[in-house]
Amino acid sequence: MQSHATSTDTPFVLYGETLSSRFILGTALYPSPQSMRDSIAAANTSMVTLSLRRQNPNTPSSVSQDSSQQDGDTFWQYIRDSGCRLLPNTAGCKTPREAINLAEMSREIFNTDWLKLEVVGDDYNLQPCPFGLVEAAAELVKRGFKVLPYTTDDLVLGQKLLDVGCEVLMPWGAPIGTGQGLMNRYNLRTLRERLPDIPLIVDAGLGAPSQAAEAMEMGYDGILLNTAVAKANDPIGMAHAFAKAIEAGREAYLSGLIHKSQTASPSTPTLGQPFWHQT
């Protein structure tokens, strides 16, 4: 039975296109192509991310460096069979030029102008480079790409990315692969409050479904993750758990959370009960 909150939700629209799921899932790091395929199905996602450097359909190498050619072929066939929209990324690029070149190659090979833009600024925590990110985004938007920038939770950087033509922002919850969750709730809430009409997707750093639910309760529009599912003991079960958490968090946001209070207030009235004695 569909809940009232879900039935009255607004569509999840990115660059004018409606997606059926608010869960975007990565395709790297899985123990096998079959595990990846089953996890995509369990997540009920309509968009998956992939990297040209690891996942070229013309020269497949894929899930790990030890994967055989057959595994690579199987991987790419599973991606195609999923029916999901492809979101190539520029993972590993450290300069705007590298990112732009890889984006052009991805568009030609994967036949899509959708792009998750990454420009690494620090090798230790893989933090996005704010200057390179804005420069690359500006050029890629001019070239007709639908840019989804992976960024920090900095409001000013987010505004600069919107100024150069990005229509979506994907701030991190924490550094990629750490599983730390939402490390700076103040900044994330500020982004949501100051940019009420911009689609916001928490990307990277989540480790548990409860963290995804909390982001959705803040009013975020979607979740993108990879490691938390792919490296779980049971990736398929974890994909399903995240899908349910994202849906629950969205429904809670639409239903309206109560305000926090420093004092207790009774949920059950005591006046008139048999044990109540007035003096």
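User: In β5, what is the bridge partner of T49?
Analyst: The partner of T49 in β5 is L87. Strands here are DSSP runs of E of at least two residues, helices are runs of H or I of at least four, and both are numbered from the N terminus. This is a predicted model, in which local features need pLDDT of at least 70, side-chain atom pairs count only at pLDDT 80 or more, and totals for chains, interfaces and linings use all residues. Residues are numbered from 1 along each chain as its sequence is written, and side-chain values use heavy atoms, without hydrogens and water.

User: How many bridges pair β4 and β5?
Analyst: Five bridges pair β4 with β5 (residues 85-89), in the parallel sense. Two strands pair if DSSP finds at least two bridges between them.

User: And which residue of β4 partners G26?
Analyst: G26 has T49 as its bridge partner in β4. The chain passes from β3 through helix α2 (residues 33-43) to β4 in a right-handed β-α-β crossover, that is, clockwise from first strand over helix to second, with the strands pointing away from the viewer.

User: Are the residues of β4 buried or exposed?
Analyst: Five of the five residues in β4 (residues 47-51) are buried, meaning under 20% relative accessible area with a 1.4 Å probe, protein chains only (exposed is over 50%, partly exposed in between). M47, T49 and S51 lie on one side and V48 and L50 on the other. In a regular strand, side chains alternate between the two faces of the sheet.

User: Changing topic, what covers the buried residues of α8?
Analyst: The cover includes β9 (201-203), β10 (222-225) and α10 (235-255), with contact meaning heavy atoms within 4.5 Å.
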